[in-house]
Each structure stands twice: as structure tokens, then as C-alpha cells.
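Thanks for coming. I have one structure to go through today, and I will keep it short.

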Amino acid sequence: MESVDILIIGQGPAGLSSAIYTARAGMRTLILGCAPKVAGDYEIDNYFGFTETITGKELIERGKAQAAKFGADIRCDRVLGIHQDDAGAFVAKTEDKQIKAASIILATGVSRIRPGISNLADYEGKGVSYCVSCDGFFMRGKPVMVVGEGNFAANQALELLQYTPDVKVCSQGKELSISEEFLYRLEESNIPVLEGKIATLAGDNGLEKVHLESGEQIDAQGLFVAMGQASSSDFAYSLGLVRNGQFIETDRDQRTNVPGIFAAGDCVGRFLQISVAVGEGALAGRAAISHVKERRRTLLDKEAK
Ligand code: FAD
């Protein structure tokens with residue numbers, strides 16, 4: 001398995017700024033993510049030092065070139081899930097591979113796509129979940145459905161097979177963006193992919209059925225929301241990070257409550273601006289460098305004993 005010192009999830013201002021610090025300090029740094037929303041022909045007028053407006057695209061291109069100059073490896077790949085192994089390292093599963101990291105910086109911006117089910121909130125904690133690794137266990141042997149149109153949803157559905165053979169995916173009326181490989185694995189595992197849209201949920205003591213707009217009713221005691229790509233909230237659920245609504249809580253050094261995991265930029269939700277993302281990215285980079293150095297010292301001490 002590929003192994004790095006610091007894995008940065010997000011190629012926006014926060015992630016790239018972190019990488020400039022971590023790569024420059026000699027840390028093996030990998031940045032995953034693809035072009036952020038701001039990397040278009042948008043004029044950025046309020047970023048320090050640019051008297052002429054600069055486009056978001058150019059600013060991001062410059063940030064990428066600067067991080068790459070110091071040795072950061074930058075790839076367009078999406079992270080589907082993260083877990084911590086027995087030795088305390090983090091393992092990120094991407095659409096392509098698995099990557100081990102001593103530390104992770106979450107710089108994923110904000111984007112939780114809601115499925116648009118009228119009474120979803122009534123069933124949160126009563127069958128509706130955002131985290132297979134947290135709640136899959138409670139669904140042993142029960143019929144469950146994953147709502148989502150992409151590889152993130154497909155991966156969640158496959159993970160649910162550990163707990164129950166009765167798993168379905170519903171794209172919520174969206175065009176499917178599941179890769180051929182994931183479609184093949186779903187088919188092989190007898191997980192049907194429905195392209196209808198869930199209108200409402202039903203059940204007296206927790207979720208029992210989903211009602212599709214077409215009028216069809218399907219048994220489901222668990223509904224796992226996995227729309228679009230995995231967001232910082234999804235990583236927060238599975239890693240046990242403290243959140244404030246959809247945002248991740250950090251201290252002044254961008255440390256989360258889980259040692260080795262840092263967060264910066266819009267996903268922390270302070271002031272959703274490039275300058276703040278860049279500043280928090282620098283702080284997260286510095287804190288991640290200290291964490292990796294400390295971890296190396298601890299491992300060396302253990303080896304010496
Ligand atoms: P983002 O820039 O949102 O980057 C998030 C990154 O995370 C992306 O690379 C994405 O691909 C990646 N990612 C997410 N999920 C995953 C996953 N599962 N796996 C891998 N990667 C993932 N701010 C200003 O200060 N001035 C402006 O003029 C301004 N104009 C704006 C115009 C537009 C159109 C937009 C959308 C925003 C604008 N902003 C502006 C706000 C600014 O863009 C954000 O505050 C800033 O980009 C936040 O940076 P970030 O690095 O936290 O997140």
C-alpha cells in the first residue's frame with residue numbers, strides 16, 4: 001500500500017496552502033481532490049497582494065505549481081472513506097487505491113448535497129444515517145437502502161454487505177455516475193441500483209418503508225445518505241470528529257479532537273474566504289508536521305526498547 005507522511009484531502013486554497021508548508025518541511029505530501037469550485041473564470045478582488053484582479057483558476061494553478069515545486073504530489077482522485085488502523089495510522093480508500101498516512105489534513109470545503117426527501121429529519125437516528133461504519137452494525141440482517149448516485153454511494157452499499165445481504169442503491173432520480181468497476185461489483189453482489197426518487201419515508205417505530213414518487217413502496221429499515229462525493233461531515237462521522245452542524249470543530253492550531261487529523265478552510269466554517277482558508281491551511285500544515293515528527297520519535301523509542 002502506498003504510504004505518505006501527510007495526506008491532504010482537497011485541492012482548494014486550504015489544502016494547497018497546507019501542502020506548501022508540509023512539502024517544504026520535507027514531509028512526503030500527497031494532495032487528493034480535483035478542481036475546487038472557485039477554480040473558474042471568477043474574478044478574485046479581495047485576496048492580499050493582487051492589485052489587478054486574478055481569476056480563481058489562475059490563483060489555484062499558481063498554488064498547485066508552488067506546492068509541486070516543493071515536492072507535493074497532486075492527484076485528481078476522490079476519497080471514499082477513511083479509517084484508523086491498529087498502529088494509529090490512517091488509511092484512506094480512494095476511487096483508485098488505498099493510501100496510508102501518518103496524518104491527514106481535511107480541506108474538503110463545504111458540500112453536503114441533500115437528497116430532498118420531505119420527512120428525512122423525522123427519521124434521523126431512527127433508521128436514517130450518514131455513516132455505515134457507525135450505524136451499519138444496527139442493521140444486521142435488515143433491508144437497507146443507500147441513497148446516492150456515485151461511487152461514494154456504491155462503496156457505502158458494498159460496505160453494508162458486512163452487516164446484511166439485503167442492500168439496494170437509489171440514485172434519487174439523479175443521473176448515475178458510478179464507475180463501470182463499481183457497477184460490476186454491485187451487480188456481482190446482487191445490489192440493485194434503482195433510478196427512481198424517494199418522496200417520503202414511513203414507519204411508526206422507526207423507518208420501515210420508503211415511498212418512491214412512482215407510488216412504489218420498498219421495505220427499508222435503514223437509509224444511508226451518500227449523495228455526491230464524501231464530504232468532511234462523512235469523514236467526521238466515521239472518524240468520530242466533533243462537529244458543529246456540518247462544520248468540523250478545531251482548536252486554534254486546526255487540530256480536531258482525533259490526534260493526527262487536522263481541518264482547515266471552509267469545512268471548519270469560520271469565515272468562508274480564500275484568505276482564511278490559506279491561513280488555516282498554514283496552521284494545519286504546521287500542526288501536522290509536529291504530529292508526524294512526534295509520531296516518528298515515539299516509534300523510534302518503541303523500537304529502541
Ligand atoms: P474548496 O476551495 O471548496 O476546495 C475543496 C477541495 O476539496 C476541492 O479540491 C474538492 O475537489 C476537494 N474534495 C471535496 N471532497 C473530496 C473528497 N471526498 N475526496 C477528495 N477531494 C475532495 N472567496 C474570496 O475570498 N474571494 C472571492 O472573490 C471568492 N469568490 C468565490 C467565487 C465562487 C464562485 C465560489 C464558489 C467561492 C468564492 N469564494 C471567494 C469562496 C472561496 O472560494 C472559498 O472560501 C475557498 O475556496 C475555500 O477553500 P477550501 O480549500 O476550504 O475549499
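Which residue in strand 14 is the bridge partner of alanine 202? It is lysine 209. Before going on, please keep in mind that this is a predicted model.

That pair belongs to strands 13 and 14. Strand 14 covers residues 209–212, and four bridges join it to strand 13, the two running antiparallel. Both are part of an open sheet of three strands, ordered 13-14-15 with antiparallel pairing. At the edges stand strand 13, at 198–202, and strand 15, at 217–219; each has a single partner strand, so one side of each has no neighbour in the sheet. From one strand to the next, the twist averages 25°. As a reminder, strands of a sheet pair through backbone hydrogen bonds, in either a parallel or an antiparallel way.

The largest nonpolar core has 44 residues, and the members touching the most others are Leu7, Ile82, Ile104 and Leu106. Helix 4, residues 151–160, supplies the largest share of this core, with six residues. Both domains take part: at least three residues come from each of domain 1, which is 2–111 plus 231–304, and domain 2, which is 120–225.

Take leucine 106. Leaving aside residues up to four places away in sequence, leucine 106 touches Ile9, Ile82, Phe235, Leu241, Ile248, Ile261, Phe262, Ala263, Ala264 and Cys267.

Conventions: Residues numbered from 1 in each chain as written. Predicted model: local features only at pLDDT ≥ 70, side-chain atom pairs only at ≥ 80, totals over all residues. Heavy atoms only, no water. Core = buried A, V, L, I, M, F, W, Y, C linked by side-chain atoms within 4.5 Å. Buried < 20%, exposed > 50% of the residue type's maximum accessible area, 1.4 Å probe, protein only. Domains from an automatic or database assignment. Contact = heavy atoms within 4.5 Å. Pairing = 2+ DSSP bridges. Axes fitted to C-alpha atoms, helices over the stretch in contact; angles between N-to-C directions.
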